Amino acid sequence: MNLLEQAILEHGKSVNNVALDASSFLTKQIDIQILDWCASQLAIHFQDAKIDRILTIESGGIAISTLVALKLNVPLVVMKKKRSMLDPENVLTTNVFSFTKNSSYELNCNVEHINDNDRVLFIDDVLAHGNAVEGTLEILAQTSATLVGVGILFEKSFQAGAKMLADKGIDTLSLARISSLENGIHF
């Protein structure tokens, strides 16, 4: 059992048998030692993939993506869920449905932050149904950049996201694979 899996068992909580509350060590309060270990594992796995930049979605993926970007020495681009008055006219957009929040949002990214032929690594905290990755693929399809990998802190293997990535042949590293949240947390 790795460090993240131990933390999930000790501090995580199953919510409604479908969601994992990791707020006490990954989101609302961050255990930086665990996050640093996770970032090291992701950086080691993708170190030979010739990554040009990392993409993530606000807000859950920012902390882990920052550390991975630092370890790989590449820029980090944060895709936003809501436009701001500071955004340029020319943004890449797609719609994404969030099962956790039970709502859709417009994912957007400044077109100037993704270069032609970039090799992109997508990092996020959770993989469930794969909608965030699908949204990322749709954003990248508007450019000539390529998704070369996906790094995830924990996946809910009982949902469709992991299978979707495997079917697409995308190099994916999930540091913890949760097989069930029924009556507790199971790997």
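**Helix contacts and their surroundings**

Analyst: Start with H1 and H2: Leu3, Leu4 and Ala7 of H1 meet Gln33, Ile34, Trp37 and Cys38 of H2. By class, six residues of this contact are nonpolar, one is polar and none is charged. H1 covers residues 3–11 and H2 covers residues 32–46. Their axes lie 9 Å apart, at an angle of about 145°.

Keep in mind that this is a predicted model. Mean pLDDT for the protein is 94, and 99% of its residues reach 70 or more.

Now take the pair H4 and H5. H5 spans residues 161–168, and its axis runs 9 Å from that of H4, at an angle of about 40°. The two helices are therefore oblique to each other. From H4, the contact uses Val133, Glu134 and Leu137; from H5, it uses Met164, Leu165 and Lys168. Here the classes are four nonpolar, two charged and no polar residues.

H4 leads on to the largest pocket. Helix H4 (131–141) supplies at least two residues of the pocket lining. So do the strands S2 (19–21), S5 (91–98), S7 (119–127) and S8 (146–156). S7 gives the most, with five residues.

The volume of this largest pocket is about 930 Å³. It is lined by 39 residues, and those closest to its centre are Lys81, Ser98, Thr100, Asp125 and Val126. The lining has 19 nonpolar, twelve polar and eight charged residues.

Most residues other than glycine have a negative phi, and most peptide bonds are trans. Asn17 is not a glycine, yet its phi is positive, about 60°. Ser59 belongs to the loop between S3 (53–57) and H3 (62–72).

In short, the H1–H2 contact has no charged residues, whereas the H4–H5 contact has two.

Notes: Residues are numbered from 1 along each chain as its sequence is written. This is a predicted model: local features need pLDDT of at least 70, side-chain atom pairs count only at pLDDT 80 or more; totals for chains, interfaces and linings use all residues. Side-chain values use heavy atoms; hydrogens and water are left out. On a 1 Å grid over the protein atoms alone, a cavity is a set of points where a 1.4 Å probe fits but cannot get out, and a pocket is an open set with protein on both sides within 12 Å along at least five of seven lines; lining residues have an atom within 4 Å of a point. Grid points are joined across faces, edges and corners, and a volume is the space filled by probe spheres set on the points. Helices (H or I, at least four residues) and strands (E, at least two) are DSSP runs, numbered from the N terminus. Ala, Val, Leu, Ile, Met, Phe, Trp, Tyr, Cys and Pro count as nonpolar, Asp, Glu, Lys and Arg as charged, and the others, Gly among them, as polar. Axes are lines fitted to C-alpha atoms, for helices over the stretch in contact, and angles run from 0 to 180 degrees between N-to-C directions. Angles under 35 degrees count as roughly parallel, over 145 as roughly antiparallel, 65 to 115 as roughly perpendicular and the rest as oblique. Contact means heavy atoms within 4.5 Å. pLDDT is the predictor's confidence in each residue, from 0 to 100.
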